Amino acid sequence: MELIPGISTEHYIFLSVVLFCIGAFGVMYRKNAIIVFMCIELMLNAVNLLLVAFSRQWNGADAQVFVFFVMAVAAAEVAVGLAILMMIYRNTGTTDINVFSKLKG
Amino acid sequence: MSALMVVFSKNPVYSVLFLILTFFSIAGHYFLLNAQFLGMVHIIVYAGAIMVLFLYVIMMLNLNKEDEPGTTNISKFAATISGGILMLVLVAATHSAAGIESPVADTSQIGSIENLGKVLFNENGFLLPFEISSVLFLASMVGAVFLSKKEL
């Protein structure tokens, strides 16, 4: 298999930073808890992309193994987070995250 | 890009579909970056399992419309300003961070399954997290099943 020259690493850094900031902005901006979860997944994916770009640059497979673990942790976290969200919906009837500012009492 | 549409679309089902589009494009970038195994795993795990979970939850909760009576203008403005400043700071900090090229010439076999397997099972620190992650999955499965029972 021949070598694919590809895009330079600086462009990948920029792309990953932009994706991360879009995810962070989405977490702060949206009120629906499911969309907040999806923006958290977007942030995790931005970090994965950055790790794989650097593994291509430094020619080591360690970063790809780390991406593997980050993906596994993200999958486990989505399962538990969605289960929590379903319980919240069952108890309060809404998926608004501003409900939790009234948790006291 | 499709990531912006994830944040800004009104219907949550549209957000999930745009997120699937984002995941496929990130998987395409993985293939370009010589991480073939990770690209396939990415498609299978994210676009195949996690997005299906999200769609199940959205369909079960029956969220068709998205009305936002509680997001004040001040918080929207604050979110935009802080997101913009975060992006400026990160871009400025990583501006010339892509430094040295690797000394080894052959970079085409990094992402192959054989090489990843060797790194996963031979290196110093990666075998223990691999086994511990199975315990993690067990814990998350037990937690997810336990949290969704109607009567405890």
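How are α3(A) and α3(B) oriented relative to each other, roughly parallel or roughly perpendicular? Keep that in mind while you get your bearings; what you have on screen is a predicted model.

**Stop 1: chain A.** Now color by pLDDT, the predictor's confidence. Chain A averages 78, and 88% of the residues score at least 70. Among its elements, α1(A) has the lowest mean, 81, while α3(A) has the highest, 84. Of the 105 residues in chain A, 45% count as buried. And if you look at contacts in chain A with a separation of 6 or more, 48% of them link residues 24 or more positions apart.

**Stop 2: where the chains touch.** Bring chain B back into view. The contact takes 64 residues from chain A and 66 residues from chain B. On the chain A side, the elements giving two or more residues are α1, α2 and α3. Click on α3(A): the largest share of that side, 21 residues, comes from there. Color that side of chain A by residue type and you get 44 nonpolar, 12 polar and eight charged.

**Stop 3: the α3 pair.** Hide everything but α3(A) and α3(B). Their axes come within 11 Å and cross at roughly 5 degrees. Angles under 35 degrees count as roughly parallel, so there's the answer to the opening question: α3(A) and α3(B) are roughly parallel to each other. Next, show some side chains. On α3(A), pick from the residues that meet α3(B), including Phe68(A), Met71(A), Leu82(A) and Tyr89(A). On α3(B), the residues that meet α3(A) include Leu38(B), His42(B), Ile50(B) and Leu61(B). What kinds of residues make up this contact of α3(A) with α3(B)? They divide into 18 nonpolar, two polar and no charged.

**Stop 4: the core.** Show both chains again and select Ile34(A), Met38(A) and Val52(A). These are the residues with the most contacts inside the largest nonpolar core, which has 52 residues.

Notes: Residues are numbered from 1 along each chain as its sequence is written. Chains are lettered from A and ligands numbered from 1 in the order in which they are written. This is a predicted model: local features need pLDDT of at least 70, side-chain atom pairs count only at pLDDT 80 or more; totals for chains, interfaces and linings use all residues. A nonpolar core is a set of buried Ala, Val, Leu, Ile, Met, Phe, Trp, Tyr and Cys residues joined through C-beta atoms within 7 Å. A residue is buried if 20 or more other C-beta atoms lie within 10 Å of its own, exposed if 12 or fewer, and partly exposed in between; C-beta atoms are placed from the backbone. pLDDT is the predictor's confidence in each residue, from 0 to 100. Helices (H or I, at least four residues) and strands (E, at least two) are DSSP runs, numbered from the N terminus. Two residues are in contact if their C-beta atoms, placed from the backbone, lie within 7 Å. Ala, Val, Leu, Ile, Met, Phe, Trp, Tyr, Cys and Pro count as nonpolar, Asp, Glu, Lys and Arg as charged, and the others, Gly among them, as polar. Axes are lines fitted to C-alpha atoms, for helices over the stretch in contact, and angles run from 0 to 180 degrees between N-to-C directions. Angles under 35 degrees count as roughly parallel, over 145 as roughly antiparallel, 65 to 115 as roughly perpendicular and the rest as oblique.
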